Structure formats: C-alpha cells, structure tokens
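Let's take a walk through this protein together. Have a look at the picture first, then read on.

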Amino acid sequence: MVKQRNLGFGIGSYILIFMCVIQLQCHLHVHAILDPLDFLALQSIRKALADIPGSNFFTSWDFTSDPCNFAGVYCDSDKVIALNLGDPRAGSPGLTGRIDPAIGKFSALAEFTVVPGRVFGSLPQSFSQLKNLKFLAISRNFISGEIPATLGQLRNLRTLDLSYNQLTGEIPRSIGTLPELTNVILCHNRLSGTVPPFLSQSLTRLELKHNGLTGSLAPTSLGPSLQYLSLSWNRLDGPVDELLNRLNQLNYLDLSMNQFTGYIPGRIFSFPISNLQLQRNLFTGQVQPVDQVSIPTVDLSYNRLSGGISPMLSTVQNLYLNNNRFTGQVPGSFVDRLLAASIQILYLQHNFLTGIEINPTAEIPLSSSLCLQYNCMVPPVQTPCPLKSGKQITRPTNQCNEWRGRGRLWICDLGVQLLH
C-alpha cells in the first residue's frame with residue numbers, strides 16, 4: 001500500500017509538472033510571435049537602412065529569432081511599441097539609408113527615434129498612420145523635403161524633434177494644432193515662411209533657430225506654458241512686446257539675429273530667465289526693468305535702444321548694452337559692483353554715454369571686463385575692448401551734439417504718445 005501511494009503521488013506529480021511545462025511553452029510561444037504586419041514592416045525598415053562603417057547596430061537583427069530581442073526594438077505583447085534606430089552611445093557613427101514608408105504599419109508605435117548619422121530622403125507620409133505616436137525624433141541626419149502636413153493627424157504627439165537636417169518649406173499650420181505637444185525642435189534646417197500659432201496648452205519648448213523664417217508673431221500665437229523659446233538667426237520682424245508679456249514662465253529666451261521692432265517690455269526682466277538674448281534686432285525705446293534684475297546674462301547689443309541706463313541692470317553678471325543709443329551717465333551702482341567683481345562683463349561701447357564716476361586709478365578686477373570705447377566721453381580708465389570695437393576711443397563731437405538734439409526730439413515725441 002505504501003508503494004502504491006508513493007507511485008500514485010509520483011505519477012500525479014509528473015503529470016502536473018508536464019502540464020505546467022506545456023502551458024509555459026504555449027505562453028512563451030504566444031508572446032514570441034510578433035504580429036505579421038509588424039514583422040514585415042521591420043524587414044522593410046532593415047532593408048532600407050544600413051550601418052555606417054564602425055557601427056554594429058544591426059548585428060542582432062536576425063529574423064530567424066525573436067524580433068522583440070533586436071537592438072532598439074521594444075514590444076508589448078505581439079506589437080512593436082518603440083523603435084530606437086542606431087547605437088545611442090555618444091560618438092557612434094550612426095546609420096545611412098532611408099526611412100521606409102512601412103514605418104506606418106506599426107499600429108501600436110508610441111516612440112520612433114533615429115540617432116545622428118547619414119539617413120537621407122524625405123519623411124514618409126505614412127507617419128500620419130501612427131495614431132499612438134508620442135515621441136518622434138530624427139535629429140542630425142540629412143532628411144530633406146518638406147515636413148508633411150499630415151503629421152497634424154498625430155493627435156497624441158508630444159515631442160517633435162527634426163533638428164539639424166535639410167528640411168525646406170513651411171512649418172505646417174496643422175502641427176501647431178496638436179493638443180498634446182510639449183517640445184517642438186526644428187532648429188538648423190532651411191525652413192521658410194511664418195511661424196504658425198502653437199495652440200497646445202502644455203507646450204514648454206519651441207526651438208526654431210537657424211532657419212529662414214519671416215513675418216511677425218501674433219500676440220496670442222504662443223501659450224503661457226512656454227519655458228524655452230529660441231527663434232534666433234531668422235528674418236522675423238514686427239513687435240513682440242504683447243507676446244512676451246504673456247510668457248511669464250520663460251526661463252530661456254533667444255530672439256537674437258532677427259528684425260524685431262518696438263520696445264522691450266520691462267516685465268520680462270522679472271521672469272525666471274537664466275539667459276536673455278535679444279541682440280542684433282531693431283528694438284527701440286528705453287529699457288526700464290521694474291525691479292533689480294537677477295538674470296545672469298542679458299544681451300541687448302546691436303539694437304536702437306535709447307535713454308539712460310537703468311540702475312536695475314547693475315545686478316546682471318554679464319551685461320551687453322553696446323552698439324545702441326544710450327545716453328547720460330553710467331549709474332554709480334555699476335561701478336560699485338564692477339569693482340567688487342560682481343560684474344564679469346560690462347560692455348557699453350558704441351553708445352552716446354557722457355560719463356562714468358570711477359577713479360582713474362581704480363583697479364578693475366582681472367575677472368571683470370569693462371569697455372567704454374566710442375562714447376561721448378574720454379574713458380577715465382583704459383581697459384581692453386573687443387577687437388571689433390575699432391581703434392577710435394571717443395565718438396566725434398558732431399555726432400554727440402547731433403544725438404543730443406535727436407534725444408530731445410524723441411523725448412518730446414514720447415510725451416505726445418503718452419498723452420494720447
């Protein structure tokens with residue numbers, strides 16, 4: 001009886017173990033079979049791309065094995081949910097070839113990236129079929145042609161990074177209507193036309209620098225959620241004071257190298273900005289911050305700004321006011337902070353300033369740079385200036401007299417405008 005019980009227990013145990021193994025194998029087998037459409041799409045993607053010599057990204061792409069174990073392929077059940085093409089390690093040589101239109105077959109794809117390399121050709125229109133796509137980044141390659149307007153059908157898209165390519169044409173207005181957009185990075189391309197309105201209430205980063213964009217920005221074209229705005233090296237124009245007044249969450253602002261006009265609102269100097277770049281535009285009027293400025297770097301150089309220099313700017317560590325039309329005395333607070341080495345750069349050259357109260361024997365700290373060249377005064381201290389400041393120390397007297405007259409006329413005109 002004992003032997004029978006032992007035998008019965010042993011057979012039952014083996015049967016139970018066998019059934020568990022069968023179930024486990026079936027379970028694993030089900031999860032190892034990729035959706036046929038995704039499998040075929042992966043094959044097409046692979047045929048259209050290749051490793052640049054020195055890259056071994058596609059070594060693991062053996063289609064006799066489970067594609068969900070391929071480098072850069074991430075699956076959920078039987079669907080590909082993310083494709084990160086290329087070796088992400090810094091300095092890796094990347095991929096070459098084209099992005100095959102089969103990319104649109106991945107019905108569950110939420111993320112698609114291509115590392116920097118030599119991928120060329122246009123963006124397939126089939127991207128518009130990826131209704132679950134949230135993250136699209138193809139940066140630092142040789143993508144050409146226009147941005148497909150059909151990307152505006154990707155209502156779940158949050159990040160669009162097509163920077164450092166050779167894209168041409170306009171930014172489709174449809175992209176600006178995407179409700180979930182958080183990051184738009186299209187810098188260093190050859191885009192033209194105007195900046196469309198971006199209506200997303202969650203947009204935090206907009207980077208369009210180094211393109212050929214033109215036209216003006218409507219006061220309501222960007223939402224107040226924006227934290228990072230870079231539009232430099234374009235040909236944008238018109239006033240931006242109403243727009244900037246609304247963007248009180250900005251921590252980085254670069255509008256340099258454009259043709260923006262009008263005045264700079266004093267309110268933006270109170271925003272939590274770490275770097276304010278407004279140089280080389282056509283801004284006019286006085287600069288009047290409402291409080292002491294805590295922005296580390298402020299560059300307002302090469303504009304048409306006028307009036308006196310506000311003492312509120314003396315708390316800026318790196319201040320570029322050169323090549324404007326500032327007049328009057330440099331406030332004493334600047335001298336105090338300069339001698340205390342609190343100011344690292346103070347560029348005031350090429351203005352119409354008439355004086356600065358500093359002892360000619362004062363020693364400027366080695367960590368600080370002061371340039372007073374080409375103003376309506378003889379600089380009381382001799383300090384090295386940038387080479388492009390020229391060799392002439394003082395502005396010609398006739399220019400100073402002429403500008404004093406213009407300044408009086410400008411003040412009268414401003415008073416008339418304020419009265420109206």
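## Disulfides

If you number the bonded cysteines in sequence order, they pair up as 1-2, 3-5, 4-6. A disulfide here is a pair of cysteine sulfur atoms within 2.5 Å, and searching the whole structure turns up three. Keep in mind that this is a predicted model, where local features need pLDDT of at least 70 and side-chain atom pairs count only at pLDDT 80 or more, while totals for chains, interfaces and linings use all residues. Residues are numbered from 1 along each chain as its sequence is written, and side-chain values use heavy atoms, leaving out hydrogens and water.

Cys68 is bonded to Cys75, S to S 2.1 Å, and this link is left-handed, with -95 degrees about the S-S bond. Cys68 is buried at 18% relative accessibility, whereas Cys75 is partly exposed at 25% (buried is under 20% relative accessible area, exposed over 50%, partly exposed in between, using a 1.4 Å probe and protein chains only).

## Two more links

Cys371 and Cys385 have their sulfur atoms 2.0 Å apart, and their link is right-handed at 110 degrees about the S-S bond. Cys371 is buried with a relative accessible area of 0%, but Cys385 is partly exposed at 22%.

Cys376 is joined to Cys400, S to S 2.0 Å. The torsion about their S-S bond is about -100 degrees, so this disulfide is left-handed. Both Cys376 and Cys400 are buried.
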